[in-house]
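Subject: Structure handover

Hello,

Here is the structure I promised to pass on. Please open it first, then read the notes below.

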Amino acid sequence: MRPYYIKKNGLYLHVQTTEHEQYQDTSDINAMYTMQYVFKKEKDGAKTFYDSTEASTYIAKRRIKGVEVVRD
């Protein structure tokens, strides 16, 4: 079964987590994690979906604009 992908301008959607650390004291380390949506040429590591409905729901919930659901 081939998975579905989200594409924009020929690039695949990747989700990456970025860690932002803040050091106030040696015993006080704060970290904040943010998720970023990045479009890359590589298919490896791209966000995959099992059906088009799941991909469409993902797009709607995250309000991602100008994308299409494809099956490669």
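Which residues form one aromatic cluster? They are Tyr37, Phe49 and Tyr58.

Before the details, some ground rules. This is a predicted model, so local features need pLDDT of at least 70, side-chain atom pairs count only at pLDDT 80 or more, and totals for chains, interfaces and linings use all residues. Residues are numbered from 1 along each chain as its sequence is written, and side-chain values use heavy atoms, with hydrogens and water left out.

**Aromatic pairs**

Rings of Phe, Tyr and Trp (its six-membered ring) pair if their centres lie within 6.5 Å; planes under 30 degrees apart are stacked, over 60 edge-to-face, and the rest tilted. That rule gives three aromatic pairs. One of them joins tyrosine 5 and tyrosine 12: edge-to-face, 5.3 Å between centres, 75 degrees between planes. Tyrosine 5 is buried at 8% relative accessibility, because buried means under 20% relative accessible area (exposed is over 50%, partly exposed in between; 1.4 Å probe, protein chains only). Tyrosine 12 is also buried, at 8%.

Tyrosine 37 and tyrosine 58 make another pair. Their ring centres are 6.4 Å apart and their planes stand at 90 degrees, so this pair is edge-to-face. It links distant parts of the chain: tyrosine 37 sits in strand β3 (residues 28-40) and tyrosine 58 in helix α1 (residues 52-62), 21 residues apart. Helices (H or I, at least four residues) and strands (E, at least two) are DSSP runs, numbered from the N terminus. Tyrosine 37 is partly exposed at 35%, whereas tyrosine 58 is buried at 10%.

**Histidine 14**

Histidine 14 belongs to strand β2 (residues 11-25). It is buried, at 7% relative accessible area. A polar atom of its side chain lies 3.2 Å from the backbone oxygen of glycine 45. Beyond residues up to four places away in sequence, histidine 14 touches Gln36, Tyr37, Val38, Lys40, Glu42, Asp44, Gly45 and Ala46. Contact here means heavy atoms within 4.5 Å.

**The core**

A nonpolar core is a set of buried Ala, Val, Leu, Ile, Met, Phe, Trp, Tyr and Cys residues joined through side-chain atoms within 4.5 Å. The largest has nine residues: Tyr4, Ile6, Leu13, Phe49, Ala55, Tyr58, Ile59, Ile64 and Val67. The largest share, three residues, comes from α1. Leaving aside neighbours within four places in sequence, valine 67 contacts Ile6, Lys7, Lys8, Phe39 and Ile59.

Best wishes

Conventions:
A polar contact is a pair of N or O atoms within 3.5 Å; within protein, one must be able to donate a hydrogen and the other to accept it, and residues adjacent in sequence count only if both atoms are side-chain atoms.
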